[in-house]
Amino acid sequence: MSLPFDLTLAAWLHDPDRVLVGTTQAIERARARGAAWVEPDDLLAGMLLSIARFGMVDLGERMIDLSELEPCFDLPDVDVRVRPRYTPAAAAAFERAARVARADGEVRIAPIHLLVALGDHSIPTFARIAVQHGIDPTGWRRLLSSIAPPRRPHVPSRPAPPPPLVGLEELVPQEEAARALGVSLDVLRGYVRAGKLPAFRVPGDHLTVRIRREDLAALLALLHALDHPIPARRHPQAGAPVES
Amino acid sequence: MPLYVAIRHLPDLTQDALKGAGARIKSCAVGMQTEGCDVRWLQSFFLPETSQTHCYFEAPTREAVVDLNERAGMPYERLVEVARMSPDTV
């Protein structure tokens, strides 16, 4: 079952807390060289490592194999006595990333903002990527801009207000709602129990539960927007395998 | 843990530069923690009228705060230990 939000690349790229993973990698890389300075190249390498999975950075149209960029990603044992500090150029990259983040409407710097700021031919790792992937700084920015921020599930910050009074004509039976969503009645009841779909009891008949058309339409629209495949209605046979 | 304040005079500091500096300090503090030095950046205050920034750190020694600011490339005018006081302690 697909999740309604991306747990990996897009999430990492836009996660400000992930910057620390990248900067830690950058500092370790400088230490591994025995260098007194953390260069912009270390910062770019660190940011790429922070969003890599199994050494691969999947940027949609391009897949960057970090192992092809060796030896810069080949980290030997680190000497913790080496205490590197940021070079003025690396410090400037942070400031530029802050500007990029602000232009992006974000309060905090995320890895994607540093990657944009570090897309420059003067940085050896970027120069290697440029050669291997036939990409220039403009193409780099275009590539990164094509990776949309992850869609996050809506989490209400305060308890939901009491349900409004609605007319009976605006309510549909649970069976009809389940048909519209293409799920079983049990699954629909699960949605209601989980708070994904508000449900109402019919006045005077506390046993009858109905769904408001507006809420049903909103959930359908959300599932569509999330590109969430609405499962076909299934009636598994006894003993048949059940998809998780 | 002793508390220190680094007092900086940064008249031309932009918001972006401030944010970039914060990101560097945070990353260097994590780097020092991996070395076993428990130094933490707690909070900073910017005083627009005097163009001063007061940055508060918890660290085992003053030298650790000096080291952290050097690694992050952050200059300061004074670095002094601070006596803690809050409504709960008076």
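## Basis

The model is predicted, so local features need pLDDT of at least 70 and side-chain atom pairs count only at pLDDT 80 or more, while totals for chains, interfaces and linings use all residues. Residues are numbered from 1 along each chain as its sequence is written, and chains are lettered from A and ligands numbered from 1 in the order in which they are written.

## Sheet in chain B

Four strands of chain B form an open sheet in the order 2-3-1-4, with antiparallel pairing; strands are DSSP runs of E with at least two residues, helices runs of H or I with at least four, numbered from the N terminus, and two strands pair if DSSP finds at least two bridges between them. Strand 2 (40–47) and strand 4 (78–82) of chain B each have a single partner strand, so one side of each lacks a neighbour in the sheet.

Seven bridges join strand 2 of chain B to the antiparallel strand 3 (residues 52–58) of chain B, and Gln43(B) stands opposite Tyr56(B) in that strand 3.

## Hairpin in chain A

Strand 2 of chain A and strand 3 (residues 62–65) of chain A are antiparallel and share four bridges, with Leu59(A) opposite Arg62(A). Two residues lie between these strands, and Gly60(A) takes a positive phi near 75°.

## Packing around Leu114(A)

Not counting residues up to four places away in sequence, Leu114(A) touches Val19(A), Gly22(A), Leu43(A), Met47(A), Ala93(A), Ala97(A) and Ile109(A), where contact requires C-beta atoms, placed from the backbone, within 7 Å.

Technical notes: Contact = placed C-beta atoms within 7 Å.
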